[in-house]
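Biologist: I would like to learn how to read a ligand site, a sheet and a pocket from a model. Could we take them in turn?

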Amino acid sequence: MNIILFGAPGAGKGTQAKELTKKYGIPQISTGDILREAIANQTPLGLEAKKLMDGGNLVSDDIVNGLVGTRLKKADCEKGFILDGFPRTVAQSESLDKILENLNKKIEKVIALDVSDDEIIERITGRRVSKKTGKIYHIKYNPPIDEKEEDLEQRADDNRETVMKRLEVYNKQTAPVLDYYKKQGKVFNVDGGKSLEEITKNIIEILEK
Ligand code: AP5
């Protein structure tokens, strides 16, 4: 099960990837999470990525292609993987094809989560992440039972101004990735405006078809 979860910033990729990881026992590979870990560890890569991410811009293709290439070689990807936030440019899709060809694998399905811009802005500005567990919450739609217990924080790029920039970058640079996979007949659209549970159910139906 080699799949891509595709969608605009805040569409719910990370939330759904975590559900699928639980169900299928395959890893979620989030380039955003890998980059945020590099920032937290203050590595040279992290320091370079931070400026771009805080401004809502993409990190260079070479950097993320290298990160994903290394990650996909790990043993836990043998049974499959869920890519979240990658590929984000057509050049990244082409690089992914080459990486997978060398590993004798290919992308089977691309699940595209469709969500309106207004909903995206509300979701991102209300998102909180648990420092302790990495679990994703929303102050209105998916609040934690005990806020103190979860030690919540807001991502540096989750403010209204950066969200507008991220949406612009998505429409210009990332939306064309969908056409790349549509031509290969691999895209399955899901209404990402539904409840978390309904979306998970719809995705599972597609994956098990
Ligand atoms: P990344 O971390 O990938 O961010 P993103 O794509 O902008 O996506 P998000 O993590 O913001 O949202 P999501 O779709 O996972 O939504 P979530 O499930 O959290 O990238 C960050 C930055 O890193 C980029 O801007 C770029 O600089 C860099 N980067 C990363 N990958 C790169 C790449 N490949 N190339 C170059 N640069 C790269 O949900 C959002 C909120 O909504 C949560 O609060 C959640 O609780 C809530 N929610 C989710 N589903 C629902 C629902 N159905 N109903 C109500 N609320 C919901």
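Biologist: How far is an oxygen atom of the ligand from an N or O atom in the side chain of Lys-13?

Modeller: This is a predicted model, so the distances are computed from its coordinates. A pair of N or O atoms counts as a polar contact if they lie within 3.5 Å. Here the side chain of Lys-13 places an N or O atom 2.9 Å from a ligand oxygen. Ala-11 contributes through its backbone, where a polar atom is 3.2 Å from an oxygen atom of the ligand. Arg-123 has a polar side-chain atom 3.4 Å from a ligand nitrogen.

Biologist: How much of the ligand does the protein bury?

Modeller: The ligand taken alone exposes 1,000 Å², and 97% of that is buried by the protein.

Biologist: Which elements give two or more residues to the shell around the ligand?

Modeller: They are helix H1 (13-24), helix H2 (31-40), strand E6 (136-138) and helix H9 (196-207). H2 gives the most, with 4 residues. There are 34 residues around the ligand, and the ones that come nearest are Thr-15, Asn-57, Arg-88, Arg-127 and Tyr-137. Sorted by class, the shell holds 14 nonpolar, 11 polar and 9 charged residues.

Biologist: E6 was on that list of elements. In what order do the strands of its sheet run?

Modeller: The general idea is that strands of a sheet pair through backbone hydrogen bonds, in parallel or antiparallel fashion. In this model 3 strands make an open sheet, in the order E6-E5-E7, with antiparallel pairing. E6 and strand E7 (152-153) are the edge strands, each pairing on one side only. Strand E5 (residues 127-130) is joined to E6 by 3 bridges.

Biologist: Which residue in E6 is the bridge partner of Val-129?

Modeller: Val-129 has Ile-136 as its bridge partner.

Biologist: What is the volume of the second largest pocket?

Modeller: Rolling a probe the size of a water molecule over the atoms shows where empty space is left. For the second largest pocket the volume is about 240 Å³.

Biologist: Which element gives the most residues to the lining of that pocket?

Modeller: H1 does, with 5 residues. H1 and H9 each supply at least two residues of this lining. By class, the lining divides into 2 nonpolar, 4 polar and 5 charged residues.

How values were computed
Residues numbered from 1 in each chain as written. Predicted model: local features only at pLDDT ≥ 70, side-chain atom pairs only at ≥ 80, totals over all residues. Heavy atoms only, no water. Near = heavy atom within 4 Å. Polar contact = N/O pair within 3.5 Å; in protein donor to acceptor, adjacent residues only side chain to side chain. Areas by Shrake-Rupley, 256 points an atom, 1.4 Å probe, with all protein chains shown as cover. Nonpolar A, V, L, I, M, F, W, Y, C, P; charged D, E, K, R; others polar. Pairing = 2+ DSSP bridges. 1 Å grid on protein atoms, 1.4 Å probe; cavity = no way out; pocket = protein on both sides within 12 Å on 5 of 7 lines; lining within 4 Å. Points joined across faces, edges and corners; volume = space filled by probe spheres on them.
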